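Here is a set of questions and answers for someone meeting this structure for the first time. Please look over the sequence and the model before reading on.

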Amino acid sequence: MPDDNRQTLGKVGITVFASATWFQNVSGAEAGSYNRLTDEDLNYFHRIVGQNGVKTEDLDHYNTDWLNTVSGFTEVVVSPNSVDQVSAVLSRCNERRLAVVPQGGNTGLVGGSNPVFDEIVLSLERLNNITEIDPYAGVVECEAG
């Protein structure tokens with residue numbers, strides 16, 4: 001692999017790869033026996049999370065990690081705004097054997113929340129509420145987004 005397609009971070013020598021295709025070719029990773037997303041799936045997701053909770057355009061932010069070194073190939077981002085919606089989306093994906101990558105703030109440094117193949121990105125960005133504050137213990141409980 002040419003050096004311009006990777007970046008070594010710090011003294012620990014973590015290598016971040018700029019291409020999911022390269023990762024697949026080198027690691028031997030295969031997409032597995034997952035189904036492809038259909039219009040019926042998209043309609044289902046729209047019914048569960050609403051029109052604002054399903055994105056099929058302008059997905060670079062979700063496909064690319066925070067350091068702009070790892071890129072994926074998702075065709076859809078589903079953003080639930082409740083635990084019940086997360087459960088319904090994941091149930092559908094499980095029933096239909098649709099691959100999913102969960103994504104919180106997409107601020108990781110090693111591309112772990114980026115799709116490698118064409119996984120559905122389950123963005124938790126709309127789960128952004130503070131649910132409890134305990135000022136005596138100095139603890140804040142909040143949602144994942």
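Patches are made of residues with over 30% relative accessible area and no salt bridge, and nonpolar side chains such as Val and Ile are joined within 5 Å. The model discussed here is predicted.

Q: Which residues make the nonpolar surface patch of about 300 Å²?
A: A residue can join a patch if its relative accessible area is over 30% and it has no salt bridge. One member lies in strand β7, which covers residues 130-134. The patch of about 300 Å² is made by Ile-130, Ile-133 and Val-140.

Q: Is Ile-133 buried or exposed?
A: Ile-133 lies in strand β7. Exposed means over 50% relative accessible area. Because Ile-133 has 54% relative accessibility, it counts as exposed.

Q: What pattern does the chain follow, read along the sequence?
A: The secondary structure of the chain comes to four helices and eight strands. Read from one end of the sequence to the other, these elements follow the pattern β-β-α-α-β-α-β-α-β-β-β-β.

Q: What percentage of the residues in the chain is buried?
A: A residue counts as buried when its relative accessible area is under 20%. One example is Leu-59, found in the loop between β3 and α3, which counts as buried because its relative accessibility is 8%. Of the 145 residues in the chain, the buried ones make up 32%.

Q: Which residues lie nearest the centre of the largest pocket?
A: The largest pocket has a volume of about 230 Å³, and 15 residues line it. By class, this lining has nine nonpolar, two polar and four charged residues. Those nearest the centre are Tyr-34, Asn-35, Ala-99, Asp-118 and Glu-119.

Q: How many residues apart in sequence are the parts that Arg-36 and Asp-118 tie together?
A: Arg-36 forms a salt bridge with Asp-118, and the closest N and O atoms are 2.2 Å apart. Arg-36 lies in the loop between α1 and α2, whereas Asp-118 lies in the loop between β5 (100-103) and β6 (120-123), so the parts that the pair ties together are apart in sequence by 82 residues.

Q: How far apart are the closest N and O atoms of Arg-36 and Glu-75?
A: A salt bridge calls for a side-chain nitrogen of Lys or Arg within 4 Å of a carboxyl oxygen of Asp or Glu. Arg-36 forms such a salt bridge with Glu-75, and this pair links distant parts of the chain, Arg-36 being in the loop between α1 (20-27) and α2 (39-49) and Glu-75 in the loop between α3 (60-63) and β4 (77-78). Glu-75 counts as partly exposed, at 38% relative accessibility. The closest N and O atoms of Arg-36 and Glu-75 are apart by 2.9 Å.

Q: Which residue forms a salt bridge with Lys-55?
A: The closest N and O atoms of this salt bridge are 3.5 Å apart. The pair links distant parts of the chain, with Lys-55 in strand β3 (residues 54-55) and its partner in the loop between β6 and β7, 70 residues apart. Lys-55 counts as partly exposed at 30% relative accessibility, and the residue that pairs with Lys-55 is Glu-125.

Q: Which residues are linked in a network of salt bridges?
A: Side chains of opposite charge can pair when their charged atoms come close. The count for this chain comes to six salt bridges. The residues linked in a network are Glu-40, Asp-41, Arg-92 and Arg-96.

Q: What is the relative accessible area of Asp-58?
A: Asp-58 lies in the loop between β3 and α3, and its phi is near 55°, a positive value in a residue other than glycine. Exposed means over 50% relative accessible area, and Asp-58 is exposed because its relative accessible area is 73%.

Q: Where is Arg-97 found?
A: Phi of Arg-97 is near 55°, which is a positive value in a residue other than glycine. Arg-97 is partly exposed, with a relative accessible area of 39%. Arg-97 is found in the loop between α4 (83-96) and β5.

Terms used. Residues are numbered from 1 along each chain as its sequence is written. This is a predicted model: local features need pLDDT of at least 70, side-chain atom pairs count only at pLDDT 80 or more; totals for chains, interfaces and linings use all residues. Side-chain values use heavy atoms; hydrogens and water are left out. On a 1 Å grid over the protein atoms alone, a cavity is a set of points where a 1.4 Å probe fits but cannot get out, and a pocket is an open set with protein on both sides within 12 Å along at least five of seven lines; lining residues have an atom within 4 Å of a point. Grid points are joined across faces, edges and corners, and a volume is the space filled by probe spheres set on the points. Ala, Val, Leu, Ile, Met, Phe, Trp, Tyr, Cys and Pro count as nonpolar, Asp, Glu, Lys and Arg as charged, and the others, Gly among them, as polar. Patches are made of residues with over 30% relative accessible area and no salt bridge: like charges are joined within 9 Å, nonpolar side chains (Val, Leu, Ile, Met, Phe, Trp, Tyr) within 5 Å. Accessible areas come from the Shrake-Rupley method with a 1.4 Å probe; for residues, only the protein chains shown count as cover. Helices (H or I, at least four residues) and strands (E, at least two) are DSSP runs, numbered from the N terminus. Buried means under 20% relative accessible area, exposed over 50%, partly exposed in between (1.4 Å probe, protein chains only).
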